[in-house]
Amino acid sequence: MHQSLKKRFDKPTPALLFLKIMAQSEVQLIRKSDFIVDIFAVGAFFAFMFSILRSHVPSNDPTMIMLWSVGTAACMSGVFWLALWMFRVVFRYQKELNARK
C-alpha cells in the first residue's frame with residue numbers, strides 16, 4: 001500500500017503541469033516607482049474625498065462625522081487604487097502590443 005501511495009503522489013497534478021507550460025510575460029507591467037506614485041495619488045484622492053464627504057455625513061457629532069467620512073473615503077480610495085492599477089497594467093500591455101506590430 002505504501003508503494004502505491006508513493007507512485008500516486010510522485011506524479012505531477014494537471015494544475016501544476018499547466019503552470020509550468022505557461023510562458024512568462026515579456027512586458028514589465030509593474031515597476032518599483034509605481035508604488036511611490038500610487039502613495040501620492042491615493043493619498044491625494046483620500047484627502048479630496050474626505051473633504052467632500054465631511055459635509056455629507058448626517059450627524060452633528062464631530063466624532064461621528066470624522067469616523068464615517070474617513071471610513072467612506074478609505075473604501076473609495078481602495079477602489080481608486082484598484083482602478084489605477086488595472087488602467088496602468090492594461091495601458092502598458094496594449095502599448096507594448098502596438099509597438100510590436
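1. A charge is said to sit over a ring if NZ of Lys or CZ of Arg is within 6 Å of the ring centre and within 35 degrees of the ring normal. In this predicted model, the charged end of R88 sits over the ring of W85, 5.1 Å from its centre.

2. On the basis of the note: local features need pLDDT of at least 70, side-chain atom pairs count only at pLDDT 80 or more, and totals for chains, interfaces and linings use all residues. Residues are numbered from 1 along each chain as its sequence is written, and side-chain values use heavy atoms, with hydrogens and water left out.

3. The structure holds five aromatic pairs (rings of Phe, Tyr and Trp, the last by its six-membered ring, with centres within 6.5 Å; planes under 30 degrees apart are stacked, over 60 edge-to-face, the rest tilted). One of them is the tilted pair of F35 and W85, at 5.6 Å centre to centre and 50 degrees between the planes. Because F35 lies in helix α3 (residues 33-53) and W85 in helix α4 (residues 62-100), this pair ties together parts that are 50 residues apart in sequence. Helices are DSSP runs (H or I, at least four residues), numbered from the N terminus.

4. W85 is buried at 11% relative accessibility, whereas F35 is partly exposed at 46% (buried is under 20% relative accessible area, exposed over 50%, partly exposed in between; 1.4 Å probe, protein chains only). F35, W81 and W85 form one aromatic cluster.

5. F45 and F80 form a stacked pair, 4.4 Å centre to centre with 5 degrees between the planes. F45 belongs to helix α3 and F80 to helix α4, so the pair ties together parts 35 residues apart in sequence. F45 is partly exposed at 22%, and F80 is partly exposed at 27%.

Methods:
Helices (H or I, at least four residues) and strands (E, at least two) are DSSP runs, numbered from the N terminus.
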